[in-house]
Each structure stands twice: as structure tokens, then as C-alpha cells.
Amino acid sequence: MNSLLTVRLAYGQLLTYCGWFAGAATFAMMTIVVANVVARYAFNSSVPGAMELTEGALPLIIFLSLALTQFHGGHIRVSMLTDRLPRTLSQALLVLALLAGAVLFGWAAWAGWLSAEKSLAIGEMKRGSIRYPVWPIKFAVSFGMALLTVQFLIDALCVAVGMPLQDADPEEVE
Amino acid sequence: MSNLVIGLIGTGCLFGGILLGVNVMVVLGLVGAFGLAALVGFQGATALLSTVFFETTHSFHFSVIPLFLLMGFFAMRAGLGEDLFEATSRWMGNLRGGLAISTTIGAAAFGAASGSSVGTATVFTKLALPQMLDRGYDKSLASASIAIAGTLAVMIPPSALMVVYGILTDSSIGALLIAGFIPGIIFAVLLCLAIWLTVLRRPELAPIDSTKYTLREKLASLRLAGPLVLIIFCIVSGLYVGIFTPTEAGAVGAALTLLLAVIRHRGIKGVQINATLLETIRTSAMIFGILISALLFSKFLALSGLANAVGGYLTGLDVDPWVIVVLVSIIYLLLGMMMDAPALLAITLPITHPVMMDLGFDPVWFGVFVVLLVEIGAVTPPVGINCFVVQAASGGRVKLEEVFKGLVPFVLAGFVMLVLLYIFPQIALFLPSRM
Amino acid sequence: KTYTYITYKPQGANDAHSRSLQWFVEEFAKRTGGKHDIEVFWGGSVAAVGETPEALAYGVGDMGDIVTPYFPDQFPLNNAIGFFIPQPLSSDAVAEAMVEWHRDYPQFADELTSQNLHAISFRSLEGYGLLCKQPIASMTDLAGKRIRSYGFAYPALIEAMKAIPVSLTTSDTYEALERSIVDCAPIGPALARGFKYDEVAKYYIEMPFGASFGHILAMNLDSYQGMDDETRAVLDQLGIDYMVEYAAMLEAEEVKVRELWQGELGVTVLPFPGEELTALIDDTGVQAVRAEWESKATDAGVSFDDIVAKLRF
Ligand code: NA
Ligand code: NA
């Protein structure tokens with residue numbers, strides 16, 4: 001049980017690194033958009049590719065943070081009914097719910113992988129004021145969903161052996 | 001089995017799953033994906049799964065959501081909430097119910113820097129709830145007034161939820177953001193009135209505060225609100241006059257609040273940029289997770305023909321438009337008991353938006369109306385996300401039942417606001433029409 | 001059998017696109033004697049623009065609109081026209097060219113069949129000009145102007161004009177024009193009316209960009225091959241007739257919009273020395289875009305000389 005906790009924490013550390021990357025991308029996005037506004041009014045010009053880069057950054061921001069959100073228990077669920085059930089039953093339900101999450105995102109990660117492979121095969125490009133290949137972003141989307149799948153599996157295992165997951169911290173809930 | 005029946009079964013599974021505690025993102029996505037598989041086969045469902053996640057997020061429009069969230073989190077770091085609460089309570093504190101009223105006003109003002117209802121409710125729970133409880137305020141009144149005040153952040157621009165509506169219905173996001181401004185302020189006034197009437201009837205709920213501030217102290221407190229006035233001015237006027245697009249407003253707002261936070265902490269270190277960014281991306285991921293899963297579900301609902309059937313039924317009713325509006329409102333209030341705002345919008349708009357457009361309602365007006373509806377849903381039991389947040393952030397000082405109990409006058413104020421919006425649509429449309 | 005049709009277009013758009021699709025649906029039911037019909041899922045409720053090819057290929061819908069310029073790498077051949085801006089063809093001629101190429105070069109159809117798709121018909125867009133906030137008389141007036149750009153050919157062309165390309169989505173362009181974030185946008189009259197750009201930009205410059213392509217009315221290959229011969233023949237003929245019907249609707253729409261422009265909308269239509277635009281074709285950036293298509297065509301085994309000749313002024 002202790003080693004399971006260790007695994008969960010180590011995995012959480014990996015997710016946090018991904019989160020830092022996503023956070024840095026968010027900050028970069030803010031900077032580019034502001035720079036574009038400033039360039040427009042101060043120099044009557046624009047930052048080349050501001051829109052293309054913003055578009056490309058958003059999937060990275062979202063999918064590299066999905067699993068971290070689950071790690072911190074931030075995806076919204078309703079517990080008023082299950083809280084009133086006997087402990088073993090509510091525990092079993094929660095394991096099933098977490099496995100359901102693994103099924104959905106395992107499926108989506110695989111589907112996303114197929115789409116990324118296709119994108120790589122045809123050399124899909126973002127074409128605008130600047131150009132860049134799209135397939136790395138599509139692989140990142142698939143990777144992010146795979147990360148989430150693993151997190152769901154770890155959490156299901158944790159609940160199954162009776163380890164409490166940390167409760168949702170309200171500050172992380174929109 | 002007919003497609004409609006599959007649609008109905010899927011909808012049943014959705015609500016069952018939500019009640020059984022499956023996380024909302026998972027149950028929406030899973031029912032959507034398996035429902036699609038039942039309608040068009042496993043390969044078809046896989047094809048949509050392979051595209052929807054990337055296509056939805058690979059969007060310039062959607063980038064406004066993390067930017068608005070970032071702005072709100074920087075505003076918290078900059079202590080804008082504290083400053084506003086301090087200023088308003090110096091002016092209003094001596095009134096009966098004054099602290100609750102000043103919380104409402106402070107939250108409305110803070111809402112002009114934050115796009116998140118839950119975020120605002122959290123900040124003001126931490127700031128105002130201990131103060132009210134220490135001074136003998138009724139727990140229900142104190143906590144409920146904070147839970148509802150959070151919703152003002154969504155009415156007053158910037159607002160992540162208005163953006164979600166704009167994206168889902170392809171309406172002008174700039175016009176939507178501006179449209180919420182006047183209704184947000186009127187709603188704030190209505191909430192203050194609701195507090196005032198409540199304590200007028202039952203004075204024991206809110207003892208009068210005896211702390212006296214000199215005029216000098218009161219005036220000094222106004223200076224604290226100065227930075228926020230700057231932010232409001234930049235965002236609202238920037239959108240109104242057309243200096244920048246909504247996405248740019250989000251980025252500029254985030255940069256300005258970051259600047260304020262740096263000034264407040266006399267350096268970059270105290271701002272904890274790392275932690276702020278992590279909070280931002282986690283909240284963004286949560287919103288998008290629900291949004292995309294809800295899209296999967298709504299694709300399923302559309303293909304099953306259920307969405308068309310319900311929409312066709314509503315449009316085909318031979319009744320006055322206001323009856324449809326009431327029906328639509330009831331649908332939102334009922335569903336709003338079960339789920340939170342972005343999911344609710346994503347599930348329902350494909351059905352309700354075409355119906356309302358057929359009836360000739362203005363898309364921007366409907367945006368404000370529907371956002372108010374789902375925000376009322378954010379405080380109604382059993383799933384009242386703002387109430388959960390207030391209860392959780394109170395550190396055990398109030399119970400969930402107590403929060404819900406105090407909400408009656410505020411939900412009534414919400415209904416009054418809905419009626420006002422229906423009778424005087426200009427409340428929402430005046431500013432956008434002047435853009 | 002009821003076939004499904006998925007489109008991003010909202011039913012209420014009431015433009016040539018949506019009305020002609022409505023016509024297509026009604027004709028299909030009529031011509032099959034009510035034996036078959038088509039149920040349309042409008043407004044992207046089933047698949048967004050970017051999702052449509054996959055959704056059609058795997059049978060989420062039987063038929064649908066593929067907005068080809070979104071997929072230059074997925075359908076390079078069928079995007080030929082998009083790489084050659086400006087080009088001399090009108091809307092009708094573009095549709096004709098697509099039919100001709102599909103007949104003469106099997107690679108055009110292969111590109112679709114390899115992705116389990118079949119082209120029923122082609123919907124070319126109107127001829128494009130430049131809608132601006134200020135009057136523009138010649139190329140020198142465009143120097144330093146910010147021009148809305150999208151897709152893969154306009155950025156290079158706009159740079160060749162010595163103007164600044166600003167990438168914007170279709171829905172952002174209205175606000176961007178209104179607020180002078182951009183000065184001009186390449187567009188045709190009917191679309192300018194449809195997106196209401198002509199409310200905020202009042203000068204239409206007759207720059208001969210040529211007609212854009214456009215949409216492929218595509219069908220899932222299995223659904224197509226699964227049709228009985230009679231129904232398939234009906235559909236094939238309907239695809240051809242559709243282009244005529246759509247062209248008429250589009251033309252009527254353009255005439256109507258130009259009348260509105262002269263009247264209540266007050267949009268001034270200005271001539272433009274076309275040779276100043278065609279001169280830009282020699283620009284290295286513009287040539288690079290064209291060379292990119294030619295290399296893609298070579299990869300697909302198409303000898304493209306005749307195709308390129310058709311797109312030359
Ligand atoms: Na706000
Ligand atoms: Na609720």
C-alpha cells in the first residue's frame with residue numbers, strides 16, 4: 001500500500017512537470033498576445049504568427065494539464081448520493097467510476113494517436129503568417145490523454161485497496 | 001431499437017451516472033462515445049474521438065478562457081479582493097446587514113477582474129465570511145450572500161462563461177461580454193436589496209457593527225480601489241471602443257493584474273507565478289474537459305434525433321413566446337440542479353438556441369438570459385457548485401445545508417432579474433447596440 | 001433508406017449554400033420516388049468543419065460538406081485552386097474545372113477514395129475581390145495596410161502586395177474590420193453580406209483574385225457503393241444538376257447584394273488595375289506556394305501542365 005502511494009506521488013511529480021510546461025505556454029501566450037496589441041498601436045505592425053502560435057499552444061496547455069487536474073481531484077463529481085451509501089458500496093462505485101474514466105480516455109488516447117499518425121504521414125502543416133507542423137501537437141494531445149488514463153487506473157487501484165484520495169480542493173474548481 | 005430510444009437511454013445513463021458520483025467529464029464523454037458507437041458503429045465513434053479533442057482546443061477563440069482565468073488568479077495574488085472588501089466595508093459596515101452588502105458590492109467590483117464565479121466565491125469566503133461570523137451574522141445569510149455574489153463575476157465582463165456561450169452559438173463574443181455589464185450591476189443592486197429586506201424583516205440575522213471609521217479613513221480606503229478602477233476601465237472600454245478583441249482583452253487584463261501583483265508584493269517572488277500558472281492550467285483543463293465531453297454528448301444527442309425532436313416540439317407549440325421562455329427557463333433550472341454551468345450550456349444550447357432564434361429572440365440577449373439562468377443553477381441544491389465552494393473554503397464553520405437555506409431570498413432576486421431581462425431586453429442590448 | 005447529411009452550415013443561414021442544399025435534399029426524395037430521403041444535421045451539430053472528413057470516412061454521416069481549403073495536406077490535389085491565387089476562373093469555371101479534372105486525372109478521385117470518400121458534387125465559391133475600410137485605387141495604396149489572411153496562399157500574396165497579412169478567423173473578421181484591426185479582407189459580395197462585413201467596410205475593390213474553391217459534397221464510399229444502381233444513377237445526375245442550380249442561386253444572390261450595396265447599404269464598388277495584381281504572381285513567395293502544389297501533384301503522379309495552364313491569366 002505504501003509503495004502504491006509512492007508510485008502515485010512519483011507519477012504526480014511527472015504530471016507537475018507537464019503542468020509547468022503548460023503553465024509556461026500559458027504565460028507565453030499572454031505575452032505574445034499583449035506584444036501583438038502593443039505592436040499594433042505603437043508600431044503599426046503585428047507580431048508574425050501571434051494567432052497561429054496561440055492556436056497551437058492551447059491544445060498543449062489543456063492536454064498536458066488534464067491528468068494533473070485528476071491527480072489533485074479537481075474534475076467535478078457529485079457525491080451527495082454516494083456519501084449516504086455503505087462504505088464498501090460507495091467505494092466499489094468509485095472504483096467503477098474511475099475505471100470508466102480510464103476506458104473513455106484510453107479509447108480517446110488511442111483514437112488521438114491514430115489521428116496524429118495520419119497527420120505525420122501527410123506532413124500536415126499549420127499555414128498562416130508562420131508555418132509549423134501540426135503533428136507534434138496531435139501527439140501531445142494523445143499523450144496527455146494517455147497520462148490521464150494512467151492516472152485514472154492508479155486512482156482506481158488506490159481506492160480499491162482502501163487508500164483515501166485527497167479531496168477536491170475548492171480553490172481548484174471553476 | 002430506434003435512434004430516439006437510444007437517445008433517451010443515453011440521457012438516462014447520463015443523469016444516473018452523475019447521481020452515482022461518476023465525474024461529470026467522464027460520464028458525459030463516455031455516454032456520448034458509447035451512444036455514438038450504438039448509432040454509427042465503433043469506427044464512427046472512434047473517428048469523432050480522434051478529432052474532437054484537438055479540433056475543439058486548436059482554436060484562437062478558446063484561448064480567451066485560460067487568459068481570463070489567469071487574470072482572475074493574478075487579481076487574487078494582487079490582493080484586489082482584500083482591497084475592495086476593506087473599502088466597501090468601511091463605507092457600508094455600519095448599516096444593518098452592511099457587511100453582507102459590502103461583500104456583494106466588493107464581489108461585483110472584483111468580478112470586473114475575474115471571469116470565474118467559483119473563484120470569486122472562494123476569495124470572498126476567505127475574506128468576508130470570518131468577519132461576518134465573528135460579528136454575529138447568521139451563518140445562512142453570511143454564507144449564502146457570498147455564494148450568490150460569486151455569480152456576479154460571470155455577468156460582469158470578463159466572463160469565461162459568456163465566452164463559452166459565444167463559442168457554442170457562434171455569437172459575437174465582444175458583444176456578449178459588453179452585454180453583461182448593465183445586467184450584472186442591476187443584479188448586484190437586487191442582491192443588496194434582498195439582503196436589506198431580509199435583515200429588515202429579521203434584524204437578529206445581522207447585528208449592527210459598531211466599528212467606526214473616520215471620513216479620512218473612509219476616503220483613504222478609496223485609494224485601495226484605484227488599481228481596480230484602472231482594470232475595469234481598460235477592459236470594459238477596450239472592448240467597448242474596440243481597442244482589442246476579447247482574447248486580447250484577456251491577455252492585457254492578465255498582464256495588468258500581474259503588474260499589480262508585482263507592485264503589491266514589491267517584486268516577482270511574492271506573486272508565486274508558478275503556483276498561479278498551475279492553478280490556471282488546472283482550472284482550464286477542468287473546463288475544457290467538461291466542454292469537450294459535453295460536445296461528444298451533444299453530437300450523440302443530435303444524431304439520435306432527440307435534440308431535433310425536443311426542439312421541434314418546443315417550436316411547434318402553439319403558444320405565446322413567453323410560455324416557451326418560461327419552459328426553457330424551467331428546463332435550465334431543473335438541469336441546473338444537477339450539473340454545473342459549462343456542461344449545462346454545452347448540453348442544452350444545441351436544443352434551446354435554435355428554438356429561441358426561431359422565435360426571434362436576440363442571440364446576445366439570450367446569452368445574458370441563459371448565463372443568468374445557469375448561474376442561478378450554480379447555487380441551487382443539490383448540485384450548487386458555488387455553495388460547495390463556500391462550504392469547503394469556510395474551513396468547517398458552515399454546513400452545506402446552512403448555505404442552501406440562506407439562498408431563498410437571493411434565488412428570488414434572480415427570478416426578479418430574469419423577469420426584468422424579459423420585459424426590458426434593452427438592459428442587455430443597450431451597450432452592444434452602441435458599440 | 002434515410003441517408004444522413006452533415007454540414008457546418010446553419011439551416012437559418014438562408015444563403016445559396018443552405019438553400020441549394022435544401023433543394024438537393026428535396027430533389028433526391030422526389031427523384032427516388034420517395035423511396036429514399038436525406039436527413040440533414042445542420043450547424044455542425046454532429047461534426048465541426050475540421051472533423052467532417054473523418055466523420056464521413058468512418059460513416060458517422062453518409063454525406064457531408066468538406067470545406068477543402070481546411071485540408072491542404074489531406075486533399076492537396078483537390079485543393080489545386082487554393083494554391084493558385086490569383087487565378088482567372090469564375091465560379092462556374094472553377095466547378096467545371098473540378099469536374100473535368102476528376103474525369104481526366106484518376107488521381108483526383110483516388111485522393112478521395114483512398115480516404116473512403118466519394119465526391120458527389122462541387123460547390124465553388126464566388127469570385128473574390130477586396131473589401132476595405134478606405135478607397136483603394138492601385139497597389140501603392142495597399143502598402144502597409146493590414147489585410148485579413150487565411151489559408152495557405154493569401155499570406156504570401158498579401159506580403160507581395162507590401163501589405164501586412166493578419167490571420168483571423170471568419171467570425172473575428174467582422175469585429176476586426178469594425179475596429180480597424182484590419183483594413184481589408186479578401187471576400188466576395190455574397191459572403192461579405194452573409195458575414196455582414198459590408199456593414200463595417202464600405203469599399204469593394206474589384207481585385208481579380210478569381211473564384212475560390214470551395215466545398216466537396218462528399219459521401220462515405222461504402223454508403224455510395226452500397227446504393228442500388230438506380231439510386232446511384234439518380235444521385236450522380238443530381239450531383240451534376242446541383243452545380244447548375246447552385247450557380248444560378250449564387251449569381252442571383254450576388255446581383256441582389258450589389259443592388260443592396262448601391263442602395264441602402266452604401267458600399268462603393270471601385271475598379272482596380274488587374275495587371276498590378278497579376279504582376280505579383282512572379283513574386284518568389286507566391287511562386288513558392290505554387291511550387292509546393294506542383295511538388296505535391298508530382299508526388300501523386302499527376303502531370304499538371306494542363307491544370308496549371310488553366311489557372312494562368
Ligand atoms: Na467578470
Ligand atoms: Na444547482
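**Close-up 1. Contact between chain C and chain A in the predicted model.** The contact draws 19 residues from chain C and 16 residues from chain A, in a model that is predicted. Between them, chain C and chain A bury about 1,400 Å², of which 45% lies on carbon and sulfur atoms. On the side of chain C, the residues that lose the most area to chain A are Asp73(C), Arg146(C) and Ser167(C), which together account for 38% of what that side buries.

Close-up 2. Four salt bridges are counted between chain C and chain A, and one of them joins the side chains of Asp73(C) and Arg127(A) at 2.4 Å, N to O. Sorted by class, the side of chain C that touches chain A has eight nonpolar, six polar and five charged residues.

**Close-up 3. Interface of chain A and chain B.** Here 66 residues of chain A are in contact with 74 residues of chain B, and the two chains bury about 5,800 Å² between them, 78% of it on carbon and sulfur atoms. The rule finds one salt bridge across the interface of chain A and chain B, together with five residue pairs in polar contact, where both residues are at pLDDT 80 or more. On the side of chain A that touches chain B, two or more residues come from each of α1, α2 (50–63), α3 (66–71), α4 (87–121) and α5 (135–160) of chain A, and the largest share, 16 residues, comes from α1(A). By class, this side of chain A has 41 nonpolar, 17 polar and eight charged residues.

**Close-up 4. Packing of α1(A) against α13(B).** Helix α1 (residues 2–43) of chain A packs on helix α13 (residues 246–264) of chain B at an angle of about 105°, with the axes 9 Å apart, and the two helices are therefore roughly perpendicular to each other. Among the residues of α1(A) that make the contact are Phe27(A), Met30(A), Val33(A) and Arg40(A), and those of α13(B) include Glu248(B), Ala251(B), Val252(B) and Leu258(B). The contact of α1(A) with α13(B) has 10 nonpolar, two polar and two charged residues. Arg40(A) and Glu248(B) form a salt bridge, in which the closest N and O atoms are 2.9 Å apart.

**Close-up 5. Crossing of α1(A) and α14(B).** The axes of α1(A) and helix α14 (residues 273–304) of chain B come within 8 Å and cross at roughly 95°, which makes α1(A) roughly perpendicular to α14(B). On α1(A) the contact includes Thr16(A), Gly19(A), Trp20(A) and Phe27(A), while α14(B) contributes residues including Ile273(B), Asn274(B), Leu277(B) and Ile281(B). Phe27(A) also takes part in the contact of α1(A) with α13(B). By class, the contact of α1(A) with α14(B) has eight nonpolar, six polar and no charged residues.

How values were computed:
Residues are numbered from 1 along each chain as its sequence is written. Chains are lettered from A and ligands numbered from 1 in the order in which they are written. This is a predicted model: local features need pLDDT of at least 70, side-chain atom pairs count only at pLDDT 80 or more; totals for chains, interfaces and linings use all residues. Side-chain values use heavy atoms; hydrogens and water are left out. Axes are lines fitted to C-alpha atoms, for helices over the stretch in contact, and angles run from 0 to 180 degrees between N-to-C directions. Helices (H or I, at least four residues) and strands (E, at least two) are DSSP runs, numbered from the N terminus. Angles under 35 degrees count as roughly parallel, over 145 as roughly antiparallel, 65 to 115 as roughly perpendicular and the rest as oblique. Contact means heavy atoms within 4.5 Å. Ala, Val, Leu, Ile, Met, Phe, Trp, Tyr, Cys and Pro count as nonpolar, Asp, Glu, Lys and Arg as charged, and the others, Gly among them, as polar. Buried area is the accessible area (1.4 Å probe) that two parts lose on being put together, summed over both. A polar contact is a pair of N or O atoms within 3.5 Å; within protein, one must be able to donate a hydrogen and the other to accept it, and residues adjacent in sequence count only if both atoms are side-chain atoms.
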